[in-house]
Amino acid sequence: MFIGKVKGNVVTTQKVETLTGKKLLIVEPMRVMEDTGTMVPSGKCLVAVDSVGAGESDIVLCTQGSSARMTCTTSDAPVDCVITGIIDSVTAQNKSVYKKD
């Protein structure tokens, strides 16, 4: 799993049938900097199926690989990344790294 920030969405008019109706979001993995108590962007982005109703700028929990196909939303779809949670807070070494407004 990884922590990411939703940067936007992807719209596709032609896709495999099992992805019809699935919301696709652009997610940028974030790196937790324990020494400074901050999160910094990784500089790369992934497309993830949204299974929890996330939106742009949300900080989310993502699952990749074969585990990404283990949600009710993605069980029969060719998916490599899925958003499995919207994060409320992150703490590292007793420092608050992120807290949702």
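How many bridges join S2 and S4, and in which sense do the two strands pair? In this predicted model, S2 and S4 pair in the antiparallel sense over four bridges, where two strands are taken to pair if DSSP finds at least two bridges between them. Strands (E, at least two residues) are DSSP runs, numbered from the N terminus. Because the model is predicted, local features need pLDDT of at least 70 and side-chain atom pairs count only at pLDDT 80 or more, whereas totals for chains, interfaces and linings use all residues. Residues are numbered from 1 along each chain as its sequence is written, and side-chain values use heavy atoms, with hydrogens and water left out.

Strand S5 is in turn joined to S6 by five bridges, the two strands running antiparallel, and here Leu 61 stands opposite Gly 85 of S6.

The interior was examined in terms of nonpolar cores, each being a set of buried Ala, Val, Leu, Ile, Met, Phe, Trp, Tyr and Cys residues joined through side-chain atoms within 4.5 Å. Burial is defined by relative accessible area: buried means under 20%, exposed over 50%, and partly exposed in between (1.4 Å probe, protein chains only). In soluble globular proteins, nonpolar side chains tend to be buried together. The largest nonpolar core of the model has 11 residues, namely Phe 2, Val 6, Leu 25, Val 27, Leu 46, Ala 48, Ala 54, Val 60, Cys 62, Cys 81 and Ile 83. At least two residues of this core are supplied by each of strand S1 (2-10), S2, strand S4 (46-50), strand S5 (59-64) and strand S6 (81-86). Apart from this core lies another, of nine residues, among them Met 39, Val 90, Ala 92 and Tyr 98. Contacts (heavy atoms within 4.5 Å) were listed for Val 27 with its neighbours within four places in sequence left aside, and its partners include Phe 2, Val 6, Leu 46, Ala 48, Val 60, Cys 62 and Ile 83.

A search of the whole structure finds two salt bridges, a salt bridge being a side-chain nitrogen of Lys or Arg within 4 Å of a carboxyl oxygen of Asp or Glu. In one of them the side chains of Glu 28 and Lys 7 meet, at 3.7 Å from N to O. Glu 28 lies in strand S2 and Lys 7 in strand S1, so the pair ties together parts that are 21 residues apart in sequence. Glu 28 is buried, with a relative accessible area of 10%, whereas Lys 7 is partly exposed at 40%. Asp 50 forms a salt bridge with Lys 23, the closest N and O atoms being 3.5 Å apart. This pair links distant parts of the chain, with Asp 50 in strand S4 and Lys 23 in the loop between S1 and S2, 27 residues apart. Here Asp 50 is buried, with a relative accessible area of 8%, and Lys 23 is partly exposed, with 39%.

The surroundings of Glu 28 extend beyond Lys 7. A polar atom of the Glu 28 side chain lies 3.0 Å from the backbone nitrogen of Gly 43. With neighbours within four places in sequence left aside, Glu 28 is in contact with residues including Ile 3, Gly 4, Lys 5, Pro 41, Ser 42, Lys 44 and Cys 45.

The loop between S1 and S2 also holds Thr 13, which is exposed, with a relative accessible area of 72%. Thr 13 and Gly 55 are 42 residues apart in sequence and 20 Å apart in space, C-alpha to C-alpha.

Conventions. Polar contact = N/O pair within 3.5 Å; in protein donor to acceptor, adjacent residues only side chain to side chain.
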